[in-house]
Amino acid sequence: MQTLVIVAKRDTPRAVVLAAEIQQRHPTLTVLADRALAHALNWPRIEDRELAARADAVVVLGGDGTLIYAARLLGGRNVPIIGVNLGSLGFMTEISVEELFSRLDDVLAGNFHVDSRMKLSCRLLRGGKVLIEDEILNDVVINKGALARIADHETSIDGVPITTYKADGVILATPTGSTAYSLSAGGPIVHPSVDCTILSPICSHALTQRSIVVPADRTIRVTLKSETADTYLTLDGQTGHSLQGGDCIEVVRSPNRVGLVRNPHVAFFTILRQKLHWGER
Ligand SMILES: NC(=O)c1ccc[n+]([C@@H]2O[C@H](COP(=O)([O-])OP(=O)(O)OC[C@H]3O[C@@H](n4cnc5c(N)ncnc54)[C@H](O)[C@@H]3O)[C@@H](O)[C@H]2O)c1
Ligand SMILES: Nc1ncnc2c1ncn2[C@@H]1O[C@H](COP(=O)(O)OP(=O)(O)OP(=O)(O)O)[C@@H](O)[C@H]1O
């Protein structure tokens, strides 16, 4: 391992102190920082593309949003991500600050376990043209604004029509994203080692229209039928795009994955119990 990239939640003084300590403890490593952190530390400012190309491992200092940001920064590269929780929930950033240095030592010694997380490839098509193409760790959300009317979402799997959801929106989530917005919309919790896509309407007007768990290799298409103004596509809660009637959102499993460094002694269900307050065993 030569290059460690640190991605930190913005404006977080503790992250700045920890990043400096990581560099101090590992003088033989090249330690680089994301743009905002590099500015705070007075380290060289390096473009995201170069950070992604050079990273052998990534330390995330923040919450789930920061981890999603780091995964997006890496693009298609699958390098181990050590997620250290400086956020509020930290569902994916499960490593505590106290554990950071021992876990980092383990990773540098090649002694670590990685959870390989599925990503979705998402395309927004308008009039047959691809407007947006992106990779997603959590979810693709089609949703209406506060005052917009209920919209029609014509949905198919591998070209086979499923239904037209009359709903506030539709969520397409990965197993990782199953514990995020999808869960709030009534979707199932899916173990991250199961590859699938969870399709969930948001506040569907038909009571039998519930979440569907779809094999990951199937192509799901949602076409916005109504000329509803004020409808948006949100990718991983990070980027938003305005939608028009006729727009088609297409998702399928990405060939790329995200590697989260995990404590092999802490099961996914332990995290559920702790973070979602299900109580002790
Ligand atoms: N009603 C909702 O539940 C709702 C609404 C909008 C967005 N979201 C989620 O927020 C995500 C983006 O997260 P953010 O932290 O950048 O924004 P944020 O700060 O608005 O986060 C929303 C909450 O979701 C949690 N979260 C994020 N990913 C998670 C995951 N995979 N499992 C469990 N909890 C998770 C975060 O820790 C935070 O508490 C989106 O991908 C979407 O799933 C949820
Ligand atoms: N280095 C960064 N550059 C740009 N945006 C960032 C960076 N780090 C975090 N963000 C954004 O800042 C927001 C807040 O970060 P984050 O979600 O990690 O904190 P939190 O809300 O306290 O934690 P949690 O999501 O675990 O509750 C997220 O939307 C995230 O995408």
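Helix α4 is the top contributor to the shell around ligand 2, giving 4 residues; helices here are DSSP runs of H or I at least four residues long, numbered from the N terminus. The model is predicted, so local features need pLDDT of at least 70 and side-chain atom pairs pLDDT 80 or more, while totals for chains, interfaces and linings use all residues. Residues are numbered from 1 along each chain as its sequence is written, chains are lettered from A and ligands numbered from 1 in the order written, and side-chain values use heavy atoms, leaving out hydrogens and water.

Around ligand 2 sit 14 residues, with Lys-9, Gly-63, Thr-66, Ser-88 and Gln-238 coming nearest (near means a heavy atom within 4 Å). As for polar contacts (pairs of N or O atoms within 3.5 Å), a polar side-chain atom of Asp-34 lies 3.3 Å from a ligand 2 nitrogen. On its own, ligand 2 has 620 Å² of accessible area, and the protein covers 73% of that (Shrake-Rupley method, 1.4 Å probe).

Turning to ligand 1, α4 (64-74) and α6 (181-184) each supply at least two residues of its shell, and α4 again gives the most, with 3. Of the 16 residues around ligand 1, the nearest include Asp-64, Asn-138 and Asp-139. A polar side-chain atom of Asn-138 is 2.9 Å from a nitrogen atom of ligand 1, and a polar backbone atom of Thr-176 also lies 2.9 Å from a ligand 1 nitrogen.

Key. Polar contact = N/O pair within 3.5 Å; in protein donor to acceptor, adjacent residues only side chain to side chain.
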